[in-house]
Amino acid sequence: MTRAVVVGSGPNGLAAAATLSDAGLDVHVVEAADELGGGARNSEPLLAGLIQDHCAAVHPMAAGSPYFADLDLPESPWVLPEIDCAHPLDDGDVVLLRRSIVETAAGLGADGWRWQTLFGPSSRSFAALSEDILRPLVGIPRHPLLLARFGAAAALPPVWTARAFAEERTRALFLGVAAHAFQRLDQPLVGGIGAGIITAGHAVGWPVVAGGTGTLTAAVISRLRERGVTFETGRRIRSRRDLPPHDVVMLDVHPHAVAEILGGSLPRRTAEAFRRFRPGPAAFKVEFAVAGGVPWRAEETGRAGTVHLAGSAREIAAAERAVAEGRMPERPFVLVGQQHVADPQRSVGDIHPLYAYAHVPAGYSGDATDALVSQIERFAPGFRDRILATRVITATEWSQRNPNFVGGDILTGAKTPLQFMLGPRISAQPYDTGVPGFYLCSAATPPGPGVHGLCGVNAARRALRGLAPARRAREAQPA
């Protein structure tokens, strides 16, 4: 039987393992940490009984991923909040993003028809659109007209697209979602991540996982074990010599680690490209236990699963530009996760878990806790008085806990235009390493970060195409 080794057990490593095992390969997953799952797991409870996500938390791209449909889990893991995302403003107003594009548009006043024009066609045809945007963007698209419509929002710099809206509150809402790219918002193609999230959200919502993201990972691992996949933790692969016997290897690791593992086996230009692969800005995360929830000035904010704290469109663009240039803004962009709104089992009585991270410069060594808390307090006066406990994960600690998060970059590489489109090197085959039998399947490759698993699925399919001639030759040999 053909033997496959998967290095790394994040969402893409598990997806690669699933795809290869489905094809009849003997699959073994090797994980450097003592716990499987990478960023897609639960944190240790901050207070007894609270359920908090470690990194991956809200999953609009995953809920519509064909990978999970093919995996055939026992039950749907997704639960939805009443409001997907809220963007409070300094004047006490709040702009709301709902699953229904009609309801969202109704709350945007004069910009409602513009929002529907920009995102309606793509969201209504998201299943077809995902066949193009959840794979490498090089090559002939399967739905060129639909992709072109999507490109109207995705290809232009987000600050340009924002000018299509007449009202400041709509521009702020749009740029708040665009900021998920952790990049300057005046560059082309940076809007692809935000446009994808908005489109997917209007198609399937912004769900969380019932019981925490770790329960989804546990269900996937259980399903893989049933299929014969084996797992090993606490083993760091540093070179080819460290690998178990194999016919093919899937690398759910950072390109820098690929250069270390494959060393002199890599073609020179590929090795240089992998070593040059740029990390993006970092996340500075604080987990909270909050008595009575957050006292938002705008009541509807408390019913949203995700909250963007950044004020005006101009402020968002300035903050994202600063962190991309290595400067810590006084008022960073802060994303708040209120997963308990959709999944009440995460709370204990009137004590609620809260998840928040600020965008900070790559490798930031300072303490952004006060800046993050101040942003929440800005829109929820009295928040500090309700905090019962906190846990901080700095940019440095992210990189120590997960080697894929270089410098605290939880997206596994800066989503600059070229890196977002092509991955770590200019190639029509972004999963190839140039070493036969070795494939890159991490979020450094298209379609990028998230628990959708499509980086792993696409890379595994590429590996199977490479294996096909050798497998046919073996099968043709007389017994």
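Which residues line the largest cavity? Pro11, Leu14, Ala40, Tyr67, Phe68, Leu216, Thr217, Val220 and Val451 do.

## About the model

This is a predicted model, in which local features need pLDDT of at least 70 and side-chain atom pairs count only at pLDDT 80 or more, while totals for chains, interfaces and linings use all residues. Residues are numbered from 1 along each chain as its sequence is written, and side-chain values use heavy atoms, with hydrogens and water left out.

## The cavity

Let's start inside. On a 1 Å grid over the protein atoms alone, a cavity is a set of points where a 1.4 Å probe fits but cannot get out, and lining residues have an atom within 4 Å of a point. Grid points are joined across faces, edges and corners, and a volume is the space filled by probe spheres set on the points. One cavity of 30 Å³ or more is counted, and the largest cavity has a volume of about 80 Å³.

Helices H1 (11-22), H3 (66-71) and H11 (213-226) each give two or more residues to this lining; helices are DSSP runs (H or I, at least four residues), numbered from the N terminus. H11 provides the largest share, three residues. The lining has eight nonpolar residues, one polar and no charged. Here Ala, Val, Leu, Ile, Met, Phe, Trp, Tyr, Cys and Pro count as nonpolar, Asp, Glu, Lys and Arg as charged, and the others, Gly among them, as polar.

## An open pocket

A pocket is an open set of points with protein on both sides within 12 Å along at least five of seven lines. The second largest pocket holds about 610 Å³ of space. Of its 28 lining residues, Arg135, Leu454, Val457, Asn458 and Arg461 lie nearest its centre. H1, H3, H6 (126-133) and H18 (454-476) each give two or more residues to the lining, and H18 gives the most, with six. By class, the lining divides into 13 nonpolar, six polar and nine charged residues.

## Two helices meeting

Now for a pair of helices. The axes of H12 (residues 255-262) and H13 (residues 268-276) come within 7 Å and cross at roughly 140 degrees. H12 is therefore oblique to H13, since angles under 35 degrees count as roughly parallel, over 145 as roughly antiparallel, 65 to 115 as roughly perpendicular and the rest as oblique. Axes are lines fitted to C-alpha atoms, for helices over the stretch in contact, and angles run from 0 to 180 degrees between N-to-C directions.

Pro255, His256, Val258 and Ala259 in H12 meet Ala271, Phe274 and Arg275 in H13, where contact means heavy atoms within 4.5 Å. This contact has five nonpolar residues, one polar and one charged.
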